[in-house]
Amino acid sequence: MTRFSFSSLRVRLLLFVLLAILPALGLVLYTAVEMRSVASMEAKANALRLAQSAANNQDDFFEGARQLLIALAQLPEVRKQDSKACNALFASLLKQFPLYVSLGAVDAKGNSFCSAIPISKSVSAADRAYFQRAVQYRDFAVGDYTIGRVSGKASLNFGYPVLDDKGTVRAVVLAALDLSWLNKLVTKAQLLRGATLTVIDRKGTILVRYPDPEKWVGKSMPQTPLVRTILSQGEGTTEAVGMDGVPRLYGFSPLGNARDAYVGVGVPKDIAFAPANRILTRNLAALGIVGMLAFMAAWFGADLFVLRRVNALVRATRQLTAGDLGARTGLPYREGELGQLAQSFDEMAEALQTRQAEAKQAEGEIQRHMRRITALRDINTAITSSLDLHNILGVLLEKIELFLPYATATTVRLFDEESRLLEPLASRNIDEQEWRAGPWRGGRGIQRLVFESKAPQTIRNVETDPRIQNLEFYRKHRLISYLGVPLIVKDKVLGVLSLYTKEEREFTHEEIEFLSTLAGQATIAIYNSRLYEETERRRRETEALGRVAQSLTETLDMIAVGERIVMSVRDLFGIKAATLRLLQPDGSLRTLASSGESFSQTSEGDALPAGVGLASVAVAGGRPVWSADVLNEPRIRLTDQMRDYQLRSGDRSMIAVPLRAHEKIIGALGLADRTGRTYRDSEVALVQTFADQAALALENARLYGESRKREEIQNLLKELSQDITRLDIDSLIKKLTEKVRQVFTVDISDVRLFEGGQWTLRGVSGVNPNLIPTSRTGTARGHSGWIIKHRKPLVIRDIAQEQNIVSGDTIKSLGVHGYVAVPLFSRGGEVIGVLRALTYQPRDFIQEEVDLLQQMANGAAIALENARLLEQTKKQALELEEANKAQADFAAMIAHDLRSPLLNVVGAAGMIQDGLFGPVNEEQKKWLGKIEASSRNLVDLVSNFLDLSKLEAGYIDLVKEEIDLKELIRAGIENYLTLAREKKISLKDQVDLSFRRIQADPRRLEQVFANLLSNALKFTEEGGTVEVGASQESGAEVKAWVKDSGVGIPADEIAKLFQKYRQTTSGKTAKQKGTGLGLVICKVIVEAHGGKIWVESEEGKGATFTFTLPCADQSAVSGRQQAVNS
């Protein structure tokens, strides 16, 4: 059975028939749509007319209601508000007017007094719209559509006012129009089955419903689509789903002009569209019959006139598709499309049959090219996925063997920049060890020719080609033909790829090109691999150098730095041993550190004599030197011990590089490894770079060590200079020798001083002093005598080996070997002693150590001389102090003895002047007054001199107590007010009232203020100003001052002002002479309290004397305090 398919020709013919029928179908459907549209419009128009008819009828009802209410308003029963008569009358009238559901009347307040329907209780109409409007406008009023309170039916209420003669509203008559008349209107109109009539108010409440009024009346449905449409549009038509869910065609219109209610009439859509639907069904049935007849004609006609020929073409096509290129249609070549198609098909089949043979021939060529492309792709994948050179070459040789099966062997040689040779790197199908071990023959060999010409070279038969130099290699492996291509990248030849065959072969251009393409791809990979290896090597070296540099900067200890250097270089280069040697002044190389088995670790290897060993060659030449076998190097001078060690260890491959710091060679770094190891230029450069870093680290460590030693020495000398005031000479020397042992790491240190004609041993450190004699005779023998004679340091590596200078028995008994001593010079240049440093082991003291020790000795010598001078100075000062005290005591005694008779003279002169011994005339009084004044001045001078004598004796009596400095200053001012007034001088008080009480001697402070005020008034002219003040300067002290506007003090005299018996030039010309002791006494009193005093002045502009006093007491309340000497 033929499978149905839309691609079938028969089906397509049927589809054409269907397409022909489709316009008729469209016309039928269009007609049906138009008919439904007309039916819809007719139904909506009918509904709208019915709604408008209801609205028009309502106007008639409104007019009837108005006439009725006017008549009722004139009735006496209403105007008299006779409820009983009115009720009966209205009940009878209600029966005569069935359109109304209720008649009634209410008073002016809206209370019902008359109703056609009996009511059980009073009903108020005050809230009804018709009542309010009738009262307001005094005319006929229409109310809202509502459900009556009395009747319970949907109605429209009317009201009319009842007026008295004055026009006052006395009552309102009302009538309620029954809206059920609309149902009668529907019945009369004979609406279609399923039609509805609905009346709603403006709030969406259903007032009338036909049919089923009992189900819908009174419900509020403002949110239904139909109600929203009616309320929004007011009048018109719409198609909507009714409140009962039935789709209808609606016409709606407002009832009355007030639009308080709306009436809508709906007709079911299925009823309205029924005629149009019947016509559509009939038309579709007729069209279906016509279509079926057309389909049958197409079905059988297509098979008879078209499908049979087409099937013949399909069968032939399927045979051709199955591979039968001899298949033909068998149809006659008649006119028409199918006949021409059959002829074209048969011609095509014949052409295909012809070309099939050609395709098979080309297929083999395509497959061969695909294999080559695959090979190139595999190689490309290999070279891009790996940077390992051996992996890349392995893939290359494997692919060559796969796609060039005639290749017996393949090899790769790469050019070495340092050796300038084509070094063997990889091979396949050949003994690799033998191939690598074979000697390389330079000259113009075939591979060298490929390399230099940068072009492929072929040899059909190696036996007859003169370019072959190692013919025995070809014969041994039975190789006949050769093909070599250069490995080129960026116009640079990296090496040669060689291919060998065991059969004679003429290589085609295509084969050469293919192998060159493979080589080109491999060359890029080789270049990248080399670049990667070089980058990785440099990265590893840089990281290693960085780690080494960081490690070397972590410490500045010389030995630790050396040990890190040799350990780091071993790890970096993978060698067996490393030795670090420092250049000595005599040209020898002393071992600082070593790692691994090396000659330096033997007893003979601690130091290399000058010119011995590979390290000496590197130091002498200033450049790296290496040898694969030092025993066979005639340029290298070795000791017998070194030769024996090299023979035993077998590590005769060595490299030595100089250690250069700041363009100065400070030593050498040596590396030892297995015999035969060679070093490339890059490795030598790396070793030199490492050595340069190591040299800088060693130099930094050395400089740091020296700076530390110098700093310690400077600190020691500073301490010695500071300690001379509190330590004796033995303690100073002991401190010196202890620091020598610490700085220079020696076992014993002492100082030998030449005192009183003898050598005295002082400050022995590191050994029991009792083991060494403390004094010697003055003869200068042995080491100390040599130092005195030559006036320079003496250094001995091992005293036991010293023959020129005789050593003492004490040193020998102590087991001392290493010896260094430096002279102690006085300021006059004489040798006053020797500073020694001794070790139990032999030791090479370097020049820097000797220089530092001499520096310590020079500083110590100065400190010792200063200590001696200080002791002498202290002794002299003590003697002078005792003499001054005795002199002051004597002066105090004399002053005391003078003051008593002078007081008697003053007293006697006063009594005589007062007339106690008889009358005294004016002339006598004058001279007695002069005697009294001169005597008083002399008493003051003696008192001041007595006070000063006590001060110079070193003591001053202070009786401290808590005082109010403000009151003390004001009392002093009052004492001098009379004198100030006499001279017309303004005496001002500038005392700060805020500072606190202090501990001081009030009598002595009064003495200070008295001296300062007296001087100020003395040197201030009439009309001048003197100011006395005090303030709280800080929490620890107060400041007081006396300021005058007098003659001032010359600048060159201020410094001498507080010296004894010193007076300014202005003082010498003053009317009242002074003693020159007052300011000295003030200074001593202030300083005895812990304060200080000074003066600020400019000649001609007055002077200000200021002093400070501490707030807290630093001594007992009373007692004797030693004063500072003036």
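**Where two helices meet**

Which residues in H25 meet Pro1002, Leu1005, Glu1006, Phe1009 and Leu1013 in H27? They are Leu965, Leu968, Ile969, Gly972 and Ile973, with contact meaning heavy atoms within 4.5 Å.

H25 covers residues 965-975 and H27 covers residues 1002-1018; helices are DSSP runs of H or I with at least four residues, and strands are runs of E with at least two. The axes of H25 and H27 lie 10 Å apart at an angle of about 45°.

**About the model**

This is a predicted model, in which local features need pLDDT of at least 70 and side-chain atom pairs count only at pLDDT 80 or more, while totals for chains, interfaces and linings use all residues. Residues are numbered from 1 along each chain as its sequence is written, and side-chain values use heavy atoms, leaving out hydrogens and water.

**A hairpin**

Strands E1 (residues 100-107) and E2 (residues 112-115) pair in the antiparallel sense over 3 bridges; pairing takes at least two DSSP bridges. Alanine 105 has cysteine 114 in E2 as its bridge partner. Between the strands are 4 residues, and glycine 110 in this hairpin takes a positive phi near 95°.

**Salt bridges**

The whole structure holds 18 salt bridges, each a side-chain nitrogen of Lys or Arg within 4 Å of a carboxyl oxygen of Asp or Glu. One joins glutamate 63 and arginine 66, at 3.8 Å from N to O.

Technical notes. Axes fitted to C-alpha atoms, helices over the stretch in contact; angles between N-to-C directions.
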